[in-house]
Amino acid sequence: MNLLPLTPPGQTPVRVLTIAGTDSGGGAGIQADTRTMALCGVHALVAVAAVTVQNSVGVSGFHEVPPQVVADQVRSVAGDIGIDAAKTGMLASSAIIEAVAAVCREVGIGRDGSAPLVVDPVAASMHGDPLLHTEALDAVRYTLFPLATIVTPNLDEIRLLTGVQVTDTASARTAAEALHALGPQWVVVKGGHLRTSPDSTDLLFDGERFLEFRAPRIATGNDHGGGDTLAAALACALANGYSVPDAFEFAKEWTRRCLDAAYDLGKGHGPVSPLWRLH
């Protein structure tokens with residue numbers, strides 16, 4: 001694959017911000033984001049929105065960071081270091097979502113700002129453990145999505161946000177149209193969880209054109225952090241000036257390679273791994 005350009009030693013690389021929750025097991029969340037960002041050659045900035053208690057088996061609890069503290073982290077790094085792209089992950093509550101949306105507008109992050117914004121609307125872990133309060137779904141729909149350059153929900157999140165159950169190409173297009181109606185510039189309907197298909201086909205939509213990205217399905221139970229990794233790689237490519245379709249093509253191939261390099265960890269699902277890049 002064509003990797004992102006690396007900045008010469010001693011020069012400042014592009015800067016990508018993740019606003020998300022931690023994963024004490026190291027497989028997803030901010031840990032997955034910063035691994036991919038580092039191995040894509042960008043400088044990772046972090047605004048912690050929640051601290052989870054989890055391992056490879058599941059999430060047993062989480063603690064929300066006060067909304068003002070989340071916003072202040074974004075404001076602090078934007079004012080001093082600068083941000084070339086940003087992504088969101090686990091934001092936990094409507095108050096945090098509203099604070100994040102407000103500070104993003106303030107510092108120029110989002111579809112109408114200078115820094116593209118990838119919104120990964122994390123609502124539940126891969127084990128089904130809730131990571132977003134139910135009442136916060138409206139904040140995702142009507143406060144966060146309109147700011148997004150692109151949104152990257154999984155199929156369960158699409159069902160929660162739009163009521164559309166994706167089962168085939170026709171319902172994927174219906175879901176894409178419903179997501180786009182909420183205001184983002186681009187949406188992607190990811191096919192990785194549609195296990196009945198031999199391929200993993202993702203559908204990209206900007207309100208006018210549908211673009212399909214197809215890859216052979218990789219048979220592995222070690223897929224923890226796959227969604228975070230895709231969104232982080234997408235933000236890295238956007239920070240390097242890629243168009244949204246080109247950035248998504250890069251991110252999909254990056255994630256495919258991370259799935260292929262995934263390893264066992266603990267008693268549950270192991271993480272996708274960008275460590276292949278070191279070889």
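In helix α5 (residues 155–162), Leu155, Glu157, Ile158 and Leu161 are buried, where buried means under 20% relative accessible area, exposed means over 50%, and partly exposed is in between (1.4 Å probe, protein chains only). Looking down the axis of α5, these buried residues stay within an arc of 155°, so they line one face of the helix; the arc is taken from the directions from the helix axis to the C-beta atoms. That buried set packs against α4 (137–144), α6 and β7 (186–189), with contact meaning heavy atoms within 4.5 Å. Helices (H or I, at least four residues) and strands (E, at least two) are DSSP runs, numbered from the N terminus.

A quick word on what you're looking at: this is a predicted model, in which local features need pLDDT of at least 70 and side-chain atom pairs count only at pLDDT 80 or more, while totals for chains, interfaces and linings use all residues. Residues are numbered from 1 along each chain as its sequence is written, and side-chain values use heavy atoms, with hydrogens and water left out.

Now for α6. Ala175 sits in this helix (residues 169–180) and is buried, at a relative accessible area of 0%. Leaving out residues up to four places away in sequence, Ala175 touches Ile158, Val164, Val166 and Val189. Ala175 and Leu155 are 20 residues apart in sequence, and their C-alpha atoms are 9.3 Å apart.

Val189 is worth a look too. Setting aside neighbours within four places in sequence, Val189 is in contact with Leu155, Ile158, Val166, Ala172, Ala175, Ala176, Leu179, Thr201, Asp202 and Leu203. What are the residues with the most contacts inside the largest nonpolar core? They are Leu17, Ile19, Ile109 and Val189, in a core of 55 residues. The largest share of this core, seven residues, is supplied by helix α3 (residues 94–107). Another core, of 32 residues, lies apart from it, with Met37, Ala85, Val188 and Cys258 among its members. A nonpolar core here is a set of buried Ala, Val, Leu, Ile, Met, Phe, Trp, Tyr and Cys residues joined through side-chain atoms within 4.5 Å. In soluble globular proteins, nonpolar side chains tend to be buried together.

Ala92 lies in the loop between β4 (85–88) and α3, and its phi is near 70°, a positive value in a residue other than glycine. Ala92 counts as buried, at 0% relative accessibility. Ala247, found in helix α8, is buried as well, with a relative accessible area of 0%. Leaving aside neighbours within four places in sequence, Ala247 contacts Leu234, Ala237, Leu238 and Tyr242.

Tyr263 is in the segment after α8 (244–260) and is partly exposed, at 33% relative accessible area.

On to charges. The structure holds 12 salt bridges, each being a side-chain nitrogen of Lys or Arg within 4 Å of a carboxyl oxygen of Asp or Glu. Here are some of them:

| Pair | N to O distance |
|---|---|
| Asp84 and Arg15 | 3.1 Å |
| Arg75 and Asp72 | 2.6 Å |
| Arg214 and Asp199 | 3.8 Å |

Asp84 lies in the loop between α2 (67–80) and β4, and Arg15 in strand β1 (residues 15–21), so this pair ties together parts that are 69 residues apart in sequence. Asp84 is partly exposed at 22% relative accessibility, and Arg15 is partly exposed at 22%.

Arg75 and Asp72 are three residues apart in helix α2, which puts about one helical turn between them. Arg75 has a relative accessible area of 30% and is partly exposed; Asp72 is partly exposed at 35%. Asp72, Arg75 and Glu106 are linked in a network of salt bridges.

The Arg214 and Asp199 salt bridge links distant parts of the chain, with Arg214 in strand β9 (residues 210–216) and Asp199 in strand β8 (residues 199–205), 15 residues apart. Arg214 is exposed, with a relative accessible area of 52%, whereas Asp199 is partly exposed at 23%.
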